[in-house]
Amino acid sequence: MDKIEAILCIYTYFCYICEINLGFMEISTAKIEALRELIATPRSIVILSHTNPDGDAVGSSLAWAEILRKQGHEVTCILPNRYPYYLEFMPNISSVVIFKQDDKGAAKEALKRADIIFCLDFHLLSRLDQLGDLIDENQHAKRVLIDHHLDASEDFDLMLSYPKASSTCYLVALLVERLFGIEHISCEMAENLFVGMMTDTGNFAFSSVTPDVFRVVSLLAETGISIPDIHNHVYNSFTEGRARLFGYVINRKMKIFHGGTVAHMSLTEDEMRRFWFQQGDSEGFVNYPLTIKKMKMSAMFTEHTDFIRVSLRSRGDIDVNLFAQRYFNGGGHKNAAGGKSFMTMDETIKHYEKCVKEYAAEGLL
Ligand code: 5GP
Ligand code: MN
């Protein structure tokens, strides 16, 4: 057993004791030290994040990659598929390998020689789709999870899993602070971290936001980032097609039922073509029904070649993580979750309406 393995074994026991006592958001010293030991000497590192990457997935990967590169590591960031076009402004995003477009095999090559694989902003290897199969070809790399989703799988050597954290970017900022000191957060890193912190908290409005989130935001702001510019890039850089598609979906496709408390919307491939759809264009649509006063839960069904993507949002105590796990083979967070359906669109919608009834009958809605 080498030194790193010994530390990883001891840390499991330590973390168990420390975290129960320290509670929310306190990353145990044992975990920090295990991570410090793991990256103490230059290594070959791969950073992975989830399919349909969002601001938090991309921002946390890029920021973590930057700090590791500065420590002398060789780092490759890999995403299963392409990020939305409105994230293109993010510093160093062009360095990311997109597995679906990777003709030269750069992802396979980097994964083969990796000593450490960091998995950021997802909790199950199934969230990597086909990219997940490549990981298993490398049995020697240490796997480290840095994430904030509920019910993480146990497939990792070191788990930094904090479901109460509002974003993975927030977690990465805390890690950089503890491992290296906050002065190591560059302006580029701060910009990437801010994107994920902002998008995963609905502009710092969700219940996951704590006073410490604002402390970290203030540290990021001090690096000189322009918050209005970042906001404009993320929220005001869409295409005309996206604006028209949004109007169409809300006007024509939003169905409200269950006494005005539950909504669903759907988009077929044909409808997407009609509005010059680009990947990411329907992100956020699912939140809109929740702007209606009585609304408790909202769903969006988006047609893909082999399946229908299911996005769920809820308010307060309504648990869509459980709903997604039970009925759509998915998961996520209490108020934002997702999954997949392999039925037709009509069947998926009928299934959803039936599940809503069942959920309500159990007093869960
Ligand atoms: P979104 O609706 O934005 O795609 O996803 C909302 C949340 O649910 C995200 O935190 C995401 O990671 C999670 N999620 C989305 N799709 C799936 C899925 O197929 N499986 C699981 N386990 N989680 C998902
Ligand atoms: Mn996230």
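Two strands pair if DSSP finds at least two bridges between them, and strands are DSSP runs of E with at least two residues, while helices are runs of H or I with at least four, numbered from the N terminus. With that in hand, welcome to this predicted model, in which local features need pLDDT of at least 70, side-chain atom pairs count only at pLDDT 80 or more, and totals for chains, interfaces and linings use all residues. Residues are numbered from 1 along each chain as its sequence is written.

**The sheet**
- Six strands make an open sheet with mixed pairing, in the order β7-β8-β9-β10-β12-β11.
- β7 (255-257) and β11 (331-332) are at the edges with a single partner strand each, so one side of each has no neighbour in the sheet.
- β7 and β8 (residues 262-267) run antiparallel and are joined by three bridges; Lys255 has His264 in β8 as its bridge partner.

**The manganese ion**
- Asp56 (OD), Asp121 (OD), His148 (NE2) and Asp200 (OD) coordinate the manganese ion (ligand 2) at 2.2 to 2.3 Å; donors are N, O and S atoms within 2.8 Å of the metal (3.2 Å for Na, K and Ca), and water is not among the atoms, so sites may look incomplete.
- Asp121 sits in the loop between β4 (116-120) and α5 (131-135) and Asp200 in helix α7 (residues 187-200), so the pair ties together parts 79 residues apart in sequence.

**Ligand 1**
- An oxygen atom of ligand 1 lies 2.7 Å from a polar side-chain atom of Arg309.
- A nitrogen atom of ligand 1 is 3.1 Å from a polar backbone atom of Gly331.

Key:
Chains are lettered from A and ligands numbered from 1 in the order in which they are written. Side-chain values use heavy atoms; hydrogens and water are left out. A polar contact is a pair of N or O atoms within 3.5 Å; within protein, one must be able to donate a hydrogen and the other to accept it, and residues adjacent in sequence count only if both atoms are side-chain atoms.
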